[in-house]
Amino acid sequence: MFSWLEKNPFFFAVGVFLVIAFAGLVEILPNFAQASRPVVGTKPYTVLELAGRHVYIKDSCNACHSQLIRPFKAETDRYGSYSLSGEYAYDRPFLWGSKRTGPDLMRVGNYRTTDWHANHMWEPAKTVAGSIMPAYKHMYTNVADIDTAWAEAETVRKVFNVPYNTEIPLQDGTTAVVELKDLAAEKTKALEEAAVIAKDMKRKDIEAIVSEGKIPEIVALIAYLNSLK
Amino acid sequence: MNKIVIFGIVFTLALLGVVFGIVGGKDVDMSGDMVNFYSAVAAVLIVSITVFVVIKYVNQMQNDTASGELAEHNWDGIGEYKNELPTGWAIMFIILIGWYIYYGLVKYPFNAYSQIGEYNEEVAEYNKKFADTFANIKNDPAKFLAMGKSVFNVNCAPCHGNTGDGLATAGEETLKAANLTHRLDAITVKNVIENGSNQLGYEAMGGMPAGMAAGDDVHTLAVYIAGGMSGEKPAAYAACASCHGEDGMGMEGVAPSIKTFDANMVAYVLSHGKKGAIGKMPSFAGILNDTQLEAAAAYVQSLSGAK
């Protein structure tokens with residue numbers, strides 16, 4: 001059989017094609033399954049949240065924190081329900097992380113709040129006794145880059161068809177829309193959201209920076225952390 | 001016996017001798033711990049097998065000549081020996097193909113292992129164990145408090161501090177969460193009087209209206225209530241008594257106790273969260289189960305010495 005194939009290049013090619021096509025199908029077909037679509041209720045990030053995500057990446061939070069809850073009782077007790085692949089649909093790149101020096105942050109928005117982050121990021125050890133997490137005081141003065149965040153949102157909307165300005169079904173049967181307008185409008189919107197967070201942070205210095213029309217990195221980061229649910 | 005085999009034996013013995021020379025003097029207990037014995041046997045085996053496999057191939061390289069039956073095809077005079085698969089290997093190969101067809105098409109798809117299934121079993125088993133073990137925990141107050149304390153340490157301490165004091169660094173303005181070692185912090189009282197509040201589940205009268213006192217009274221009341229309502233009662237408290245009671249112990253369904261942590265109020269805060277002058281507390285519904293929530297509430301009540 002094999003020596004016959006070796007002498008008939010056409011059929012050999014057909015054989016090779018079949019084998020590779022099968023292997024390809026096995027990898028491609030599962031992507032069409034419902035389980036690999038975005039999970040119902042997964043929303044794209046707003047511009048302010050994206051800016052916070054950039055801060056998260058820039059300061060390498062993912063070196064110490066994972067964003068992937070495994071299906072074990074001990075983990076779901078601490079962090080909430082286990083992660084599903086469809087929940088990462090709008091994460092580019094995903095931030096699963098590979099080492100947990102600190103706890104998982106996949107659903108930190110459920111059990112930590114704006115004012116807690118404001119205290120914790122400033123001086124982790126003063127909030128959680130014995131914490132070895134570094135302090136991030138520079139984030140309280142550095143200004144977040146909203147332009148880049150907006151550009152990223154606009155890019156993924158155009159290139160990957162991320163559903164901005166579209167009705168997204170939610171778990172309770174209703175729908176929500178994450179708007180993405182032009183840069184100027186988004187900047188105004190981000191500032192409004194930032195003002196709310198700054199107020200909840202209970203820090204006058206942050207409120208002052210926001211009222212000058214600038215958004216400190218910490219505000220964007222907290223918007224992002226609060227969106228992790 | 002061929003020279004190279006003799007060399008192999010001598011080399012093996014020499015290696016073992018060297019190892020014994022190094023380890024032997026070290027007073028290693030061969031009989032006490034079987035692991036040492038097994039390691040020694042493994043070492044001997046590995047050394048001898050290595051040496052003799054090497055010998056086999058060195059021999060083969062020196063002495064082997066081409067032999068066997070040529071296959072009928074040849075290309076430009078270059079031929080190929082017929083090299084049949086070893087029978088045992090070939091049988092195994094065919095059996096495995098059959099096994100894969102069974103496993104890949106029948107066994108796996110129809111009797112699939114699921115990580116989530118395993119997780120669900122783990123949770124069901126745990127919940128049953130929890131229910132069995134702690135069915136009567138409320139009859140044993142010490143154990144119930146111990147459970148509350150451990151829940152508190154894991155879930156509440158990051159905000160309220162290990163002792164429940166709210167982690168203030170300098171004065172009430174720096175509280176990171178409510179100080180649970182007493183009922184109320186003065187900034188909370190001030191905030192509630194000035195802005196009202198409707199989030200503890202007392203909807204009967206539309207929560208607590210804003211502006212129940214004004215001017216200096218706010219401060220006086222805050223000090224009085226945060227101080228545990230001991231000492232002389234300020235006259236302005238009359239405005240509060242209609243709902244919170246003369247003694248501050250609250251009224252069922254109307255207003256919470258502002259003197260002690262009443263169970264309803266704490267339970268409501270735990271399952272709904274709360275946002276106030278100090279900050280925002282997240283809800284713990286769905287994170288803790290009912291028994292844990294009640295235990296945490298009991299522990300919170302115990303922190304301020306209330307019953």
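Analyst: Start with Pro93(A), which sits in the loop between α4 and α5 of chain A. Helices (H or I, at least four residues) and strands (E, at least two) are DSSP runs, numbered from the N terminus. The peptide bond that leads from Arg92(A) into Pro93(A) is cis, with omega near -10°.

First, some ground rules. This is a predicted model, in which local features need pLDDT of at least 70 and side-chain atom pairs count only at pLDDT 80 or more, while totals for chains, interfaces and linings use all residues. Residues are numbered from 1 along each chain as its sequence is written, chains are lettered from A and ligands numbered from 1 in the order in which they are written, and side-chain values use heavy atoms, with hydrogens and water left out.

Now go to helix α4 of chain A, which covers residues 73-79 and holds Thr76(A). Is Thr76(A) buried or exposed? Thr76(A) counts as buried, because its relative accessibility is 12%. Buried means under 20% relative accessible area, exposed means over 50%, and partly exposed is in between (1.4 Å probe, protein chains only). Which residues does Thr76(A) touch, leaving out those up to four places away in sequence? They are Ile69(A), Arg70(A), Ser81(A), Tyr82(A) and, from the other chain, Tyr119(B). Contact here means heavy atoms within 4.5 Å.

Interface size is often given as the accessible area lost when the parts come together. Between chain B and chain A, the area buried is about 2,000 Å², and carbon and sulfur atoms give 60% of it. In chain B, the residues that lose the most area to chain A are Tyr119(B), Pro158(B) and Lys176(B), together 28% of what that side buries. Buried area is the accessible area (1.4 Å probe) that two parts lose on being put together, summed over both.

Helix α10 of chain A runs over residues 217-227 and includes Leu225(A). Leu225(A) is buried, because its relative accessible area is 5%. Along the sequence, Leu225(A) and Arg112(A) are 113 residues apart, yet their C-alpha atoms are 8.8 Å apart in space. Beyond neighbours within four places in sequence, Leu225(A) contacts Tyr56(A), Leu105(A), Val108(A), Gly109(A) and His117(A). The helix around it is mostly covered: nine of the eleven residues of α10(A) are buried. Among them are Ile218(A), Leu221(A) and Tyr224(A). What covers the buried residues of α10(A)? The cover includes α3 (47-58), α5 (114-122), α8 (183-201) and α9 (204-211) of chain A.

Between α8 and α9 of chain A there is a loop, and Lys202(A) lies in it. Lys202(A) is not a glycine, yet its phi is positive, at about 55°. Lys202(A) is partly exposed, because its relative accessible area is 42%. Asp76(B) is found in the loop between α2 (34-63) and α3 (87-110) of chain B. Asp76(B) is exposed, because its relative accessible area is 80%.

Step back to chain A as a whole. It has ten helices and two strands. In sequence order the pattern is α-α-α-α-α-α-α-β-β-α-α-α. Chain A is more spread out than a compact globule, because its radius of gyration is 23 Å, well over the 17 Å that the globule rule gives for 229 residues. The radius is taken over C-alpha atoms, and the rule is 2.2 Å times the number of residues to the power 0.38. Along its principal axes, the C-alpha trace of chain A spans about 80 × 45 × 35 Å. Of its 229 residues, 41% count as buried.

Chain A is divided into domain 1 (2-34) and domain 2 (40-227). Such bounds come from an automatic or database domain assignment. The C-alpha centres of these two domains of chain A are 44 Å apart. For chain B, the assignment gives domain 1 (1-64) and domain 2 (138-303). The C-alpha centres of those domains of chain B lie 76 Å apart.
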